[in-house]
Amino acid sequence: MLDARLSGCINHPGIEATGRCKQCGTPFCGACEVPSANGRFCSAVCSEKYEQFTARARQLDKHAPRCGILMRLRILILKLAVWVIAIAAIVYGLAYFNLPGVGRIARALLELVHFYLPQ
Ligand SMILES: [Zn+2]
Ligand SMILES: [Zn+2]
């Protein structure tokens, strides 16, 4: 299917095309081909466009891992908050039920928390 469309060069209708532009897909012959580090193109304009496109894609790739770390940090903070709330609930619960021994420790912990937290 691709070969059927690869019949003639866009600039030289009689000459068989040797490849397609990586940017716009235009068929070209060996004389019209613009080779570059990124591949083969029909013109310098397309080569430049493709270079800009890959440069932007590389930049996005560079940003992606940083976003991932931020996301993981946010999840970590959320988990930490849940733990703090859970521990606080347990301490308050123990103090409320005033269990022998454990209740005293819990109340001592609460006093510590109240001492360090501004009311
Ligand atoms: Zn092109
Ligand atoms: Zn040509």
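Mentor: Residues are numbered from 1 along each chain as its sequence is written, while chains are lettered from A and ligands numbered from 1 in the order in which they are written. Because the model is predicted, local features need pLDDT of at least 70 and side-chain atom pairs count only at pLDDT 80 or more, whereas totals for chains, interfaces and linings use all residues.

Trainee: How do you know which elements the protein chain has?

Mentor: Helices (H or I, at least four residues) and strands (E, at least two) are DSSP runs, numbered from the N terminus. The protein chain has three helices and four strands, in the order α-β-β-β-β-α-α from the N terminus on.

Trainee: What makes one element score lowest in confidence and another highest?

Mentor: Here the mean pLDDT decides; pLDDT is the predictor's confidence in each residue, from 0 to 100. Where pLDDT is low, the predicted coordinates should not be read in detail. The protein chain averages 84, and 85% of the residues score at least 70.

Trainee: Why is Gly30 called partly exposed?

Mentor: A residue is buried if 20 or more other C-beta atoms, placed from the backbone, lie within 10 Å of its own, exposed if 12 or fewer, and partly exposed in between. Gly30 has 13 other C-beta atoms within 10 Å, so Gly30 is partly exposed. Gly30 sits in the loop between strand 2 (27-28) and strand 3 (34-36).

Trainee: And why does Arg107 count as partly exposed?

Mentor: Arg107 belongs to helix 3 (residues 102-116). Its count is 15 C-beta neighbours inside 10 Å, and therefore Arg107 is partly exposed. From Arg107 to Leu94, 13 residues apart in sequence, the C-alpha to C-alpha distance is 8.2 Å.

Trainee: What makes up the largest nonpolar core?

Mentor: A nonpolar core is a set of buried Ala, Val, Leu, Ile, Met, Phe, Trp, Tyr and Cys residues joined through C-beta atoms within 7 Å. The largest has eight residues: Cys9, Ala17, Cys21, Phe28, Cys32, Phe41, Cys42 and Cys46. Of the 119 residues of the protein chain, 9% count as buried.

Trainee: Which residues does Phe28 touch?

Mentor: Contact needs C-beta atoms, placed from the backbone, within 7 Å. Leaving aside residues up to four places away in sequence, Phe28 touches Cys9, Ile10, Ala17, Gly19, Cys21, Glu33 and Cys42.

Notes:
Two residues are in contact if their C-beta atoms, placed from the backbone, lie within 7 Å.
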